[in-house]
Amino acid sequence: MNKDLIKKRFERKLSTYNDNARIQNQMAEKLIKYIDGEKNSILEIGCGTGNLSKLLLDRYQPDSLVLNDISEKMIAICKDRFQGTGSIDYLVCDAERLTCSKSFDLLVSNACFQWFSDLKNSLMTFMDLLNDRGILAFSTFGSQNLKELRELTGQGIDYLSKDALLDILNSLGYEYSLSEEILKAEYQ
């Protein structure tokens, strides 16, 4: 994965990102419904323009929210969007190289982990950032994502299948739940 290229492509489409992130927004809304309990300290990986961040702030009103993204421009949008909103820290870095001295009640990510080179190692690192009752919750795209486009053009991203993700989760030895849903979108 060329992270610089991924970052540049996202930044190039900043002005239309929110208009075209319908599936990501649906994923965020579903993801947050799976998270139970009070969450006072939250780390969001790959916050983008802050759509999941807004849901987290509205639902939990956390004492501490750390928003991470690889793109300085995405973080700048979040800073503008959440100016004057609670205690928010921003962390610009590739989440696969993230270091943090805090521990969290919730580490959450929506539609970001498919860009990771070594998801298993990253998940192990993230689990170490959780406090005793902390949870890691994430959504990601699966192997069926944009399959028609891949079939037509012969190009696309090789996303992890549900079975491959299960293998990773099982190897970590943590308790987890996993669900899969296929959302359909039509494009002209």
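Alanine 111 is found in the loop between strand 4 and helix 6; helices (H or I, at least four residues) and strands (E, at least two) are DSSP runs, numbered from the N terminus. This is a predicted model, in which local features need pLDDT of at least 70 and side-chain atom pairs count only at pLDDT 80 or more, while totals for chains, interfaces and linings use all residues. Residues are numbered from 1 along each chain as its sequence is written, and side-chain values use heavy atoms, with hydrogens and water left out.

Although alanine 111 is not a glycine, its phi is positive, at about 55°. Its relative accessibility is 14%, so alanine 111 counts as buried; buried means under 20% relative accessible area, exposed over 50%, and partly exposed in between (1.4 Å probe, protein chains only). Glutamine 61, in the loop between helix 4 and strand 2 (64-69), also has a positive phi, near 40°. Glutamine 61 is exposed, with a relative accessible area of 59%.

In soluble globular proteins, nonpolar side chains tend to be buried together. A nonpolar core is a set of buried Ala, Val, Leu, Ile, Met, Phe, Trp, Tyr and Cys residues joined through side-chain atoms within 4.5 Å. The largest one here has 20 residues, and Leu43, Ile45, Phe113, Phe116, Leu123 and Phe126 have the most contacts inside it. Two or more residues each come from strand 1 (41-45), strand 4 (104-110), helix 6 (119-128), strand 5 (130-139) and helix 8 (162-172). Helix 8 gives the most to this core, with four residues. A second, separate core of 19 residues includes Leu31, Ile42, Tyr60 and Leu67.

The next topic is a pair of helices. The axes of helix 3 (residues 22-33) and helix 4 (residues 51-60) come within 9 Å and cross at roughly 30°; axes are lines fitted to C-alpha atoms, for helices over the stretch in contact, and angles run from 0 to 180 degrees between N-to-C directions. Helix 3 is therefore roughly parallel to helix 4, a label for angles under 35 degrees, with over 145 being roughly antiparallel, 65 to 115 roughly perpendicular and the rest oblique. The contact (heavy atoms within 4.5 Å) involves residues including Ala28 and Leu31 of helix 3 and Leu52 and Tyr60 of helix 4.

Leucine 52, in helix 4, counts as buried because its relative accessibility is 4%. Not counting residues up to four places away in sequence, leucine 52 touches Ala28, Leu31, Glu44, Val108, Ser109 and Asn110.
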